[in-house]
Amino acid sequence: MIIALNNKSHLDKEEFEKYNEELETINTRHTLILCPSTINIPLATHKNYYLGAQNISKFKEGAHTGEVTATQAYTYDCKYTIIGHSERREEQHESNEDTNEKIKRSLDANLTPILCIGETKEEREENRYKEVLSKELTIATRDLTETDKEKVIIAYEPIWSIGTGIIPNNNQIDEVFSFIKEFLPNNKILYGGSANEENIDELNNCKYIDGYLLGGLSLKLENLQVFIDKIKD
Ligand code: PGA
């Protein structure tokens, strides 16, 4: 299984150094990936985990103030990058076309993209979620070779579930995962959105989950250890 940790914009320098030390002691047989805030990347010792970025630029390099390129992230030992997190789609107005560019930049730089997709509460209630997800998947993977397409890890993160404590039921997750598999039968698919040490027993009963993308839980390492211990392969 893949356990990806998204620290978002948390942890200042001192806090991160302490956090990093504790993370190095986490006991797991799974693939652990830490995506710290970009500024903390050089402080991450990554002996016990792989390093990932939370975002990379859609540009290769050049005059783009404030941007970090995929190649730069790679030279700081990142092996993965999150792409198209819903917070970026909403706050930074990232489009599906942007996610497509970013996936291409990451693959060119040897980073494995973790593409986030997911519907809002309204889109779920109006039964438009499949339409939204298929658009996100189709545009993000446009013009990729079959081999490159398969390298993309998909993270299904319903927006109504992120940070809310509410998770979809297993039937809803299974349905979306089989839907994703119709587009990308060989890709790894993660679940993200309020996953924690309490609901993992329920999530364990889903059919296809290849791992988890964890926000809030990434900051609570004791609970993360409990979560990891409870994961059933
Ligand atoms: P959460 O966040 O686990 O705090 O819901 C997940 C994410 O935003 O990736």
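Author: Happy to. Ile139 is buried, because its relative accessible area is 11% (buried means under 20% relative accessible area, exposed over 50%, partly exposed in between, with a 1.4 Å probe and protein chains only). One caution: this is a predicted model, where local features need pLDDT of at least 70, side-chain atom pairs count only at pLDDT 80 or more, and totals for chains, interfaces and linings use all residues. Residues are numbered from 1 along each chain as its sequence is written, and side-chain values use heavy atoms, leaving out hydrogens and water.

Reader: Thanks! Where does Ile139 sit?

Author: Ile139 is in helix 6. Helices here are DSSP runs of H or I with at least four residues, strands are E runs of at least two, and both are numbered from the N terminus.

Reader: And which residues does Ile139 touch?

Author: Leaving aside residues up to four places away in sequence, Ile139 touches Asn96, Glu97 and Asn100, where contact means heavy atoms within 4.5 Å. Asn100 is 39 residues away from Ile139 along the chain, and their C-alpha atoms are separated by 6.4 Å.

Reader: Nice. Switching to Pro168: buried or exposed?

Author: Pro168 counts as buried, because its relative accessibility is 2%. Pro168 lies in the loop between strand 6 (153-156) and helix 8 (170-183). Not counting residues up to four places away in sequence, Pro168 touches Pro158, Trp160, Ser161, Ile173 and Tyr191.

Reader: How far is Pro168 from Glu157, C-alpha to C-alpha?

Author: Their C-alpha atoms are separated by 9.9 Å, with the two residues 11 apart along the chain.

Reader: I always check backbone angles. What is phi for Leu11?

Author: Leu11 has a positive phi of about 80°, although it is not a glycine. Leu11 is in the loop between strand 1 (2-6) and helix 1 (13-23), and it counts as partly exposed because its relative accessibility is 22%.

Reader: And what about Asp143?

Author: Asp143, also not a glycine, has a positive phi near 65°. Its loop runs between helix 6 (129-140) and helix 7 (146-151). Asp143 counts as exposed, because its relative accessibility is 66%.

Reader: Which residues are closest to its centre?

Author: Of the 18 lining residues, those closest to the centre are Ser9, Thr38, Gln54, Asn55 and Arg88. Helix 3 (residues 86-91) gives the largest share of the lining, 3 residues.

Reader: How does the lining divide into nonpolar, polar and charged?

Author: The lining has 3 nonpolar, 10 polar and 5 charged residues. Ala, Val, Leu, Ile, Met, Phe, Trp, Tyr, Cys and Pro count as nonpolar, Asp, Glu, Lys and Arg as charged, and the others, Gly among them, as polar.

Reader: Last one: how many helices and strands are there in the chain?

Author: The protein chain has 10 helices and 8 strands. Buried residues make up 52% of its 233 residues, and the C-alpha trace spans about 45 × 45 × 30 Å along its principal axes.

Notes. 1 Å grid on protein atoms, 1.4 Å probe; cavity = no way out; pocket = protein on both sides within 12 Å on 5 of 7 lines; lining within 4 Å.
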